[in-house]
Amino acid sequence: MFAIRVAGYLWDMEQAGVESVLDLLQGQLGVSGLTVVCATGPVCQLRRRGRLEPRVFRTRGGLCFQPDHDLYERTRLKPIVEEHLKARNPLVKVVEACAKRGLDLRVRMDTRRVGRMATRYPEAAVRSAFADVSPDCLCLSNPDAAEWLRAVIMDLGRNYGVRGIELVGLDRVFDTNLFDGADVPMGLPGSVRDLLSVCFCESCMQAAGSADATSAALRSAQKALSGLIEGRGSSVGTLDELLERDEVLSGYMNDRRRGFAGFVDSLSESVDAKLVLHCGHEGVTRLPNGFAGLQVDMGADRDLGRLRLIHRGQPGVRLEVMVDAWDPLAVDGSGLVKRLHDLVDMGVSGVTLWHYGSMGESEELAGRQAIRYATRSAEA
């Protein structure tokens, strides 16, 4: 069954009034589901909806609900609540309102870049081959970080009755923000950024095998990076090309890939809710064991080719797509109507419009038209 959802931030919905938001989304636009962000990293948001103040909303991020601290006793990483919530818990209002209306509710959470977690717990953060510690990105090979994530998922299922959870940030084995805000010389090959994202924290090194083997892999990564950054030797454009020449580093990374895949596969054991893997524009798209479906970002028509490849490669997988509700280049709503029409024809199972706070009057009109047309086409 084809489903159309709208995603949004809880602070926008709370300020606008939960019932008013649902009246618009369900009653006027005709959505079949709602997704709310319940764990996020830093956000700087330009709010396009009337009556939402301040216009520029900033937060350092965190959990967007009040956690059950008893569930976090097995980890040294304690949850950080989003700073504007204080003691409020608008997620409860949203859960109750959606249940009353029969509106399908899912939550969306970042898994590695939540609030100030990496800054408060640097021992659990991603660490590059040069020992540069990420200020925002947790390494889920760290046992405390892994247990913290399981606790968040369990918290949402047990205490809020959430039946669907979208997990962001698990589509790439190696991910970091070490380059964010950095002065990076132009012309460096992509292999530099990719190799700098590979974690060499204590947990990764211990999990990867013997001390001699992991130390050799670290030295190999440092040597390769130094050569590429300094411009010595032949340039290696991609990480795969580099690994073809380096068995030691390749062995380390293959071990980390297997370990990460096993961890992601195990997450479905933490909760009865259906888990959906969110995939960015460049992330891998293998459906983990126990997950209910894939949700893929679609930023432009050129992404249709990628979606077709995913659809053909995993025909039995529930494939969903996330598209921006606001297209600043569109002069009318015809672009969104066409995009949803193409997705219905492709056979995707659902579309999520991102996001409520970015929708002005023109986006509401375009969304209403696109949703109505897509729903009729899917039912035909």
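The questions and answers below go through salt bridges, a cavity, a surface patch and some backbone features of a predicted model.
Residues are numbered from 1 along each chain as its sequence is written, and side-chain values use heavy atoms, with hydrogens and water left out. In this predicted model, local features need pLDDT of at least 70 and side-chain atom pairs count only at pLDDT 80 or more, while totals for chains, interfaces and linings use all residues.

Biologist: How many salt bridges does the count come to?

Modeller: A salt bridge is taken as a side-chain nitrogen of Lys or Arg within 4 Å of a carboxyl oxygen of Asp or Glu. By this rule the count is 17.

Biologist: How many residues apart in sequence are the parts tied together by Arg-106 and Glu-320?

Modeller: The side chains of Arg-106 and Glu-320 form a salt bridge, 2.7 Å from N to O. Helices (H or I, at least four residues) and strands (E, at least two) are DSSP runs, numbered from the N terminus. Arg-106 lies in strand β6 (residues 104-110) and Glu-320 in strand β12, so the pair ties together parts whose separation in sequence is 214 residues.

Biologist: Is Glu-320 buried or exposed?

Modeller: Buried means under 20% relative accessible area, exposed over 50%, and partly exposed in between (1.4 Å probe, protein chains only). Glu-320 has 4% relative accessibility, so Glu-320 counts as buried.

Biologist: Which helix holds Arg-101, the partner of Asp-23?

Modeller: Asp-23 and Arg-101 meet through their side chains in a salt bridge of 2.5 Å, N to O. The pair links distant parts of the chain, 78 residues apart: Asp-23 is in helix α2 (residues 18-29), and Arg-101 is in helix α3 (residues 90-101). Asp-23 is partly exposed at 40% relative accessibility, and Arg-101 is partly exposed at 24%. The helix that holds Arg-101 is α3.

Biologist: What is the volume of the largest cavity?

Modeller: On a 1 Å grid over the protein atoms alone, a cavity is a set of points where a 1.4 Å probe fits but cannot get out. Grid points are joined across faces, edges and corners, and a volume is the space filled by probe spheres set on the points. The count comes to one cavity of 30 Å³ or more. The volume of the largest cavity is about 130 Å³.

Biologist: Which residues are closest to the centre of the largest cavity?

Modeller: Lining residues have an atom within 4 Å of a point. The lining has nine nonpolar, two polar and three charged residues. Of the 14 lining residues, the closest to the centre are Arg-112, Cys-139, Ser-141, Val-173 and Cys-204.

Biologist: Where is Trp-326, a member of the nonpolar surface patch?

Modeller: Leu-46, Val-56 and Trp-326 make a nonpolar surface patch of about 280 Å². Trp-326 is partly exposed, with a relative accessible area of 33%. Trp-326 is found in the loop between β12 (319-324) and α12 (334-346).

Biologist: What is the phi of Arg-51?

Modeller: Arg-51 is in the loop between β3 and β4, and is exposed with a relative accessible area of 76%. Arg-51 is not a glycine, although its phi is positive, at about 75 degrees.

Biologist: Which residue is joined to Pro-54 by a cis peptide bond?

Modeller: Pro-54 is found in the loop between β3 (43-46) and β4 (56-59). The cis bond has an omega of about 0 degrees, and the residue that it joins to Pro-54 is Glu-53.

Terms used. Patch = residues over 30% accessible without salt bridge, like charges linked within 9 Å, V, L, I, M, F, W, Y side chains within 5 Å. Areas by Shrake-Rupley, 256 points an atom, 1.4 Å probe, with all protein chains shown as cover. 1 Å grid on protein atoms, 1.4 Å probe; cavity = no way out; pocket = protein on both sides within 12 Å on 5 of 7 lines; lining within 4 Å. Nonpolar A, V, L, I, M, F, W, Y, C, P; charged D, E, K, R; others polar.
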